[in-house]
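This report looks at a ligand site and the pocket around it.

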Amino acid sequence: MSERIAFVTGASRGIGRACASSLAAAGHKLVIAARNVDQLEAFAGELRASGATVFVQPIDLASGDSIAEAFARAQKDFGPVTILVNNAGITKDGLALRMKREDWDTVIQTNLTGAFLCCQQAMQSMLKARWGRIINISSIVGETGNAGQANYVASKAGLIGLTKTLAQELASRTITVNAIAPGFIETDMTHVLSDELKTKLLGSIPLKRLGKPEDIAAAVRFLASEEASYITGHVLDVNGGMYM
Ligand code: NAP
């Protein structure tokens, strides 16, 4: 398989970290991006020890300037990005009636606008290369809705619309754009859930376990591969059968 440069946002922990490891194992060079540089550096050390070529790039998805600077630096000092994994995401939950405007804006800005701006940046090098893979990490709740998460759900449903639109705009240049909709995955994001809620969730998952970051990473690795070249505009559910 040919070696590409993959840019993974939110690569310091959880799902993003697993995606970066998996893409490195597939032979790609990696740009790992997030806000906490110390965590990224520690992870980069582990990846390099296993033979990967890694570039650490600070980024704050809530800032358009930070995104533009991050891509400019990574592409100048490391090389053209042709695989983009828009993974970073946050929650600021609350019932819609009482949701603060600030919490709505921060989540939409980080999860949706941030991902869009990363696509805009990365598609320039993809268009030049006439090859690219964009993989947006949405969520099961972007398909089903979820009480108490109007901002998060809107951002994740928005990513699905963005995915299908970019898939149409970029197809003629051999750039595929897909989304993955994870169910409940064991990461820092879900560690905050109560045991009671986790037990209830397990009851609604046919495969009877929460997902692991590696379950999502395997899907990302496939969608980034040559083998997935005829798949675009797709939303891949990786949820243990929780939503079909
Ligand atoms: P996580 O463990 O909380 O990790 C989030 C990652 O995003 C971290 O690397 C974090 O690093 C980075 N990040 C957060 N805010 C950022 C910002 N403003 N700019 C740049 N990076 C930022 O989350 P996760 O569970 O792995 O989730 C990863 C993705 O999967 C998210 O989009 C999430 O919505 C989605 N997802 C997760 C689940 C689940 O059950 N866990 C289910 C469905 C979908 P820094 O804090 O250092 O920036």
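## Pocket lining

The lining of the largest pocket divides into 22 nonpolar, 20 polar and seven charged residues. Here Ala, Val, Leu, Ile, Met, Phe, Trp, Tyr, Cys and Pro count as nonpolar, Asp, Glu, Lys and Arg as charged, and the others, Gly among them, as polar. A pocket is an open set of points on a 1 Å grid over the protein atoms alone, where a 1.4 Å probe fits, with protein on both sides within 12 Å along at least five of seven lines; lining residues have an atom within 4 Å of a point.

In total, 49 residues line this pocket; Gly-89, Ile-90, Thr-91, Thr-187 and Met-189 lie nearest its centre. The largest share of the lining, four residues, comes from α7.

## Basis

The model is predicted: local features need pLDDT of at least 70, side-chain atom pairs count only at pLDDT 80 or more, and totals for chains, interfaces and linings use all residues. Residues are numbered from 1 along each chain as its sequence is written, and side-chain values use heavy atoms, without hydrogens and water.

## Ligand shell

The ligand is surrounded by 30 residues (a heavy atom within 4 Å). Ser-12, Arg-35, Asn-87, Tyr-152 and Thr-187 are the closest. The shell divides into 13 nonpolar, 12 polar and five charged residues. Its largest share, three residues, comes from α7.

## Polar contacts

Polar contacts are pairs of N or O atoms within 3.5 Å. A polar side-chain atom of Asp-60 lies 2.9 Å from a ligand nitrogen atom. A backbone N or O atom of Ile-185 lies 2.8 Å from a ligand oxygen atom.

Key
Polar contact = N/O pair within 3.5 Å; in protein donor to acceptor, adjacent residues only side chain to side chain. Helix = DSSP H or I, 4+ residues; strand = E, 2+ residues; numbered from the N terminus.
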